[in-house]
Amino acid sequence: MSFHDDLLQRSLRESPPVKRGNYPCLILNADYQPLSYFPLSLWSWQDAVKAVFLERVNVVDKYEQVVRAASFEMEIPSVVALKDYVAQNRSPAFTRFNLFLRDGFECAYCGSPDDLTFDHLIPRRLGGKTSWENIVAACSKCNLRKGGRLPKDAQMHPQNAPFRPTMFQLQAQGRRFPPNHLHESWLDYLYWDVELEP
Ligand SMILES: [Zn+2]
């Protein structure tokens, strides 16, 4: 264990005056864009402090709260930027969440955000696959109305043809949906398409 690790371990043992789970830290990539918008890339303050000690990150902004130990004190970082850029070229997982995110948490047919489910454009019984290209978010009403028919038979067509999104496209969507908690020091790094409190 290096000197820094040891120091860090001791500082954490000496019960700093904050509770675990508080003081989340926003993680920026080396280009100062959030590492991820959705879910928003956050670390516990413990991990953030550790990364500072390991010199993996630059501290961009801080809380007023200080972590104290016998030999050092540090203001808890509220925003850090990775020193090494993490490439974002992996393709997004095909998950419920990512699919809703692609479709903006709205029914692809009527635009309602309520009672969202999934609809197979080409029904499974007709050989339709469970894939990015064949599934759209649909409210239960529309799902019921379409009722396992082809779009042309049901006279129901999604407003946008479903597609396999890139990570970049999902990240762009994520900016429209802010998480519940935003520390004020994060706002400079987040460009949500919502009105922020003055
Ligand atoms: Zn609908």
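Me: What makes up the secondary structure of the protein chain?
Reply: This is a predicted model, and its protein chain comprises six helices and six strands. Along the sequence they follow the pattern α-β-β-α-β-β-α-β-β-α-α-α.

Me: Why is Asn-29 called partly exposed?
Reply: Asn-29 has 17 other C-beta atoms within 10 Å. A residue is buried at 20 or more such atoms and exposed at 12 or fewer; the value for Asn-29 lies in between, and therefore Asn-29 counts as partly exposed.

Me: Where does Asn-29 lie, and which residues does Asn-29 touch, not counting residues up to four places away in sequence?
Reply: Asn-29 belongs to the loop between E1 and E2. Its contacts are Leu-35, Leu-82, Tyr-85 and Val-86.

Me: What makes strand E2 and strand E3 the edge strands?
Reply: The open sheet has four strands in the order E2-E1-E4-E3, with mixed pairing. Strand E2 (42-43) and strand E3 (57-68) each pair on one side only.

Me: Which residues of H2 are buried, and where does the helix lie?
Reply: Helix H2 (residues 45-53) lies across E1, E2, E3 and E4, and runs at about 85° to E4. Its buried residues are Trp-45, Ala-48, Val-49, Ala-51 and Phe-53. Because burial requires 20 or more other C-beta atoms within 10 Å, each of these residues reaches that count. After H2 comes Glu-55, with a positive phi near 60°. Over the protein chain of 198 residues, 24% count as buried.

Me: Why should residues 1-20 be read with caution?
Reply: The average pLDDT of the protein chain is 81, and 77% of the residues score at least 70. Over residues 1-20, however, the pLDDT is below 50, and this stretch has 23 contacts in the model beyond near neighbours in sequence. Where pLDDT is low, the predicted coordinates should not be read in detail. Residues 192-198 also have pLDDT under 50, with seven contacts beyond four places in sequence.

Notes
Residues numbered from 1 in each chain as written. Predicted model: local features only at pLDDT ≥ 70, side-chain atom pairs only at ≥ 80, totals over all residues. Pairing = 2+ DSSP bridges. Helix = DSSP H or I, 4+ residues; strand = E, 2+ residues; numbered from the N terminus. Contact = placed C-beta atoms within 7 Å. Axes fitted to C-alpha atoms, helices over the stretch in contact; angles between N-to-C directions. pLDDT = per-residue confidence, 0-100.
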